[in-house]
Amino acid sequence: MKNILIINAAHPFAHSGGRFNKTLAEFTANYYADREDINVRTVQIGDEYDPVAEVENFQWADVIIYHVPIWWFQVPFGFKEYIDQVFTAGHQNGIYRSDGRSRKNPAINYGTGGMLHGKKYVLTTSWNAPSTAFTMKGEFFQERSVDDGVMFGFHRMNAFTGMELIDTHHFYDMEKNADVPKELDKYNDFLKQLAL
């Protein structure tokens, strides 16, 4: 059996209703629902939660699938609070022991104190920005990809816990030019190639 934890990081705020990420999280849960070899749990950011129980979710999961809308080039504030609360509750309690360094030689081994080794994660992000903003010379993100740019710290955070990245999938131009059925078809192909 494989355990998959799906985290929908979207929550309503101002003009962002979180509809696409809600659709995406439901699509993912439904994709795995009929698989007898997979158990699924879901987390909806913005709902009430117990940080200690959420630590148990991370310990239970073999794979975490994060669905993250990008607000002002960061994760939504409710998701950041969730990470801060849950990962802090997981200090010496299932997520990380320490930063990995020793007092004898504090210059090395930073980021090696995670307790989630053997666990993996998948990241999706959704953007108002078009893909060309990341790839075209002279455009806003200076030819830096989502994973090597805005989400670099997010990937290092997961590595700090010991988790390993499986793959990422990014949805671009979702506010002005979204073709949700087409995007879900592409995402379905992405899930197939993950072969979880």
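This is a predicted model: local features need pLDDT of at least 70, side-chain atom pairs count only at pLDDT 80 or more; totals for chains, interfaces and linings use all residues.
Does E183 count as buried or exposed, and at what relative accessibility?

Residues are numbered from 1 along each chain as its sequence is written, and side-chain values use heavy atoms, with hydrogens and water left out.

Now, back to E183. At 10% relative accessibility, E183 counts as buried. Buried here means under 20% relative accessible area, exposed means over 50%, and partly exposed is in between, with a 1.4 Å probe and protein chains only. E183 lies in helix α6. If we do not count residues up to four places away in sequence, E183 touches F171 and M174, where contact means heavy atoms within 4.5 Å. When I name helices and strands, these are DSSP runs numbered from the N terminus: H or I of at least four residues for helices, E of at least two for strands.

Let's move to the sheet. It is open, has five strands in the order β2-β1-β3-β4-β5, and its pairing is parallel. Two strands pair if DSSP finds at least two bridges between them. At the edges stand β2 (38-44) and β5 (164-171), each with a single partner strand, so one side of each has no neighbour in the sheet. On average, neighbouring strands are turned by 15° against each other, direction ignored.

How many bridges join the strands? For β1 and β3, there are five bridges in the parallel sense, and N8 stands opposite H67 in β3. β3 and β4 also pair in the parallel sense, over seven bridges. There, I65 stands opposite V122, and H67 stands opposite T124. Strand β4 (residues 120-126) is joined to β5 by seven bridges, with the two running parallel; S126 has F171 as its bridge partner in β5.

How covered are these strands? In β3, seven of its seven residues are buried. V63, I65, H67 and P69 point one way, I64, Y66 and V68 the other way, and all are buried.

P69 is buried, with a relative accessible area of 8%. Leaving aside neighbours within four places in sequence, P69 is in contact with A9, A10, N21, Q74, V75, P76 and S126. The C-alpha atoms of P69 and M174 are separated by 9.8 Å, although the two residues are 105 residues apart along the chain.

On to the helices. α3 lies across β1 (2-8), β2 and β3 (63-69), and runs at about 150° to β3. Helix α6 (residues 180-194) lies across β3, β4 and β5, at about 165° to β5. For these angles, axes are lines fitted to C-alpha atoms, for helices over the stretch in contact, and values run from 0 to 180 degrees between N-to-C directions.

How do α2 and α3 meet? The axes of α2 (residues 51-60) and α3 (residues 77-89) come within 8 Å and cross at roughly 80°. The two helices are therefore roughly perpendicular, a label for 65 to 115 degrees; under 35 counts as roughly parallel, over 145 as roughly antiparallel, and the rest as oblique. P51, V52, E54, V55 and F58 in α2 meet Y82, Q85, V86, F87 and A89 in α3.

Finally, the aromatics. There are 25 aromatic pairs in the structure. Rings of Phe, Tyr and Trp (its six-membered ring) pair if their centres lie within 6.5 Å; planes under 30 degrees apart count as stacked, over 60 as edge-to-face and the rest as tilted. F79 and F154 form a tilted pair, 6.1 Å centre to centre with 45° between the planes. F79 sits in helix α3 and F154 in helix α5 (residues 152-161), 75 residues apart, and both are buried. The buried residues of α5, F154 among them, pack against β3, α3, β4 and β5. Elsewhere, W72, F73, W127, F134, F140, F141 and Y172 form one aromatic cluster.

Thanks, all, and I'm happy to take questions!
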